[in-house]
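Visitor: Please take me through one part of this model up close. I would like to look at a pair of charged side chains and what surrounds it.

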Amino acid sequence: MTQTQPTPAWPRALRGLHGPLVAVSAAMAAVGVVALVGLLVDGRELLNQPIWLKTFKFCVSLPLYLLTLAWLLSLLPRWRRAGWWLGTVVAAALALDLAVIVLQTIIRGRRAHFNVEDATDRLLHNLLATGAYVAMLAVVVVAVLLVFQRLPDKAQATAVRAGLALSVLGMAVAALMFTPPPAQQARIDAGRTPTIVGAHTVGDVDGGPGLPLVGWSTVGGDLRVAHFVGLHAIQLLPLLLLALVAASTRVPALRDELLRRNLLRVASCGYLAMVLILTWQAQRGQSVVDPDATTLLTAGGVVAFVAVGSVAAVRRSRANTLPARERSPVDA
């Protein structure tokens, strides 16, 4: 098999990015700067965390996500008009979510997620959930369009499609957070009006001991871990492809387009398993920093699978590039 120099269309993709996505990303980055100042000068807290922290986290995570989506939309020579509208829907939906978070947490000083205590809380909670679900559905459609789009590089196609699919899965994990935990369900079943419906944490209350900055629970399961990891596959798998392309200058075997594609397929399967394990771990009320033997063994199995799959991909590529007379009977 002939080896080909990696030629993914990164430089071309940087031109003509989706305007609304870029504009919303820039606006969120500006809000993030304000939030950083707020963290330094405003001592207020909400659920035992600085009141500006949620806004700051969203303003770091979402611009990266939106800019990556803008790049992905640039890979659509067909259905560009549909892609533009879908990107605009995502930009508007996530801008709405950030506006609700700022209004509810910073201005009103109340929790944004799961809060249904009064009519305003319910309205803002519903707007927040609507924005998230609309964005997820729009990204699902983008993913479907890219599945049927011919991309110039097989490895790039794998990185883009798998990254989008895993990102949608990460979004879907958030739906589990809106299920009332047992204590809340008991209150609802007893006919009492709930003030909170849903939670990030399983086996403990939101606002308990958590990791610095991200706030993920250190005493119970936390669905935000799988949500975060899945969501950012949209960046991490293309970054892995970039790393393979960069390494190909020193490792000639990586100039084989099919090898890069197969390595990304293995990595994508491992990434999927990781998101599922993190979701399963959280649903069992187990903190991400305190895995039990079952979780460790399962994660170890995934690591072994990725290692074996990567070695097999390299061996297959090497066997395919050997001249016929140099192949061993096994390779042949």
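Guide: Start with Asp 153 and Arg 260. They form a salt bridge, and their closest N and O atoms are 3.0 Å apart. A salt bridge here is a side-chain nitrogen of Lys or Arg within 4 Å of a carboxyl oxygen of Asp or Glu. In general, side chains of opposite charge can pair when their charged atoms come close.

Now place the two partners. Asp 153 lies in the loop between helix 5 (119-147) and helix 6 (154-173), while Arg 260 is in helix 10 (residues 257-283), so the pair ties together parts that are 107 residues apart in sequence. Helices (H or I, at least four residues) and strands (E, at least two) are DSSP runs, numbered from the N terminus.

Buried means under 20% relative accessible area, exposed means over 50%, and partly exposed is in between (1.4 Å probe, protein chains only).

Next comes a second pair. Glu 257 forms a salt bridge with Lys 154, with the closest N and O atoms 3.9 Å apart. This pair also links distant parts of the chain: Glu 257 is in helix 10, Lys 154 is in helix 6, and 103 residues separate them. Glu 257 counts as buried, at 17% relative accessibility. Lys 154 counts as partly exposed, at 43%.

Move to another pair. Asp 118 forms a salt bridge with Arg 110, and the closest N and O atoms are 3.9 Å apart. Asp 118 is partly exposed, with a relative accessible area of 28%. Arg 110 is partly exposed as well, at 23%. Both belong to a network of salt bridges that links Arg 108, Arg 110, Glu 117, Asp 118 and Asp 121.

Step back to the whole chain. The structure holds 11 salt bridges. The chain has 29 positive and 17 negative side chains, and the centres of the two sets lie 13 Å apart. Lys and Arg count as positive, Asp and Glu as negative; His and the chain ends are not counted. Each charge is placed at NZ of Lys, CZ of Arg, CG of Asp or CD of Glu.

There are 11 helices and 4 strands in the chain. Of its 332 residues, 45% count as buried. Contact means heavy atoms within 4.5 Å. Among contacts between residues at least 6 apart in sequence, 70% join residues at least 24 apart.

How far can you trust the picture? This is a predicted model, where local features need pLDDT of at least 70 and side-chain atom pairs count only at pLDDT 80 or more, while totals for chains, interfaces and linings use all residues. Residues are numbered from 1 along each chain as its sequence is written, and side-chain values use heavy atoms, with hydrogens and water left out. pLDDT is the predictor's confidence in each residue, from 0 to 100. The chain averages a pLDDT of 88, and 92% of the residues score at least 70. Over residues 6-14 the pLDDT is below 50; this stretch has 19 contacts in the model beyond near neighbours in sequence. Over residues 324-332 the pLDDT is also below 50, and that stretch has 6 such contacts.
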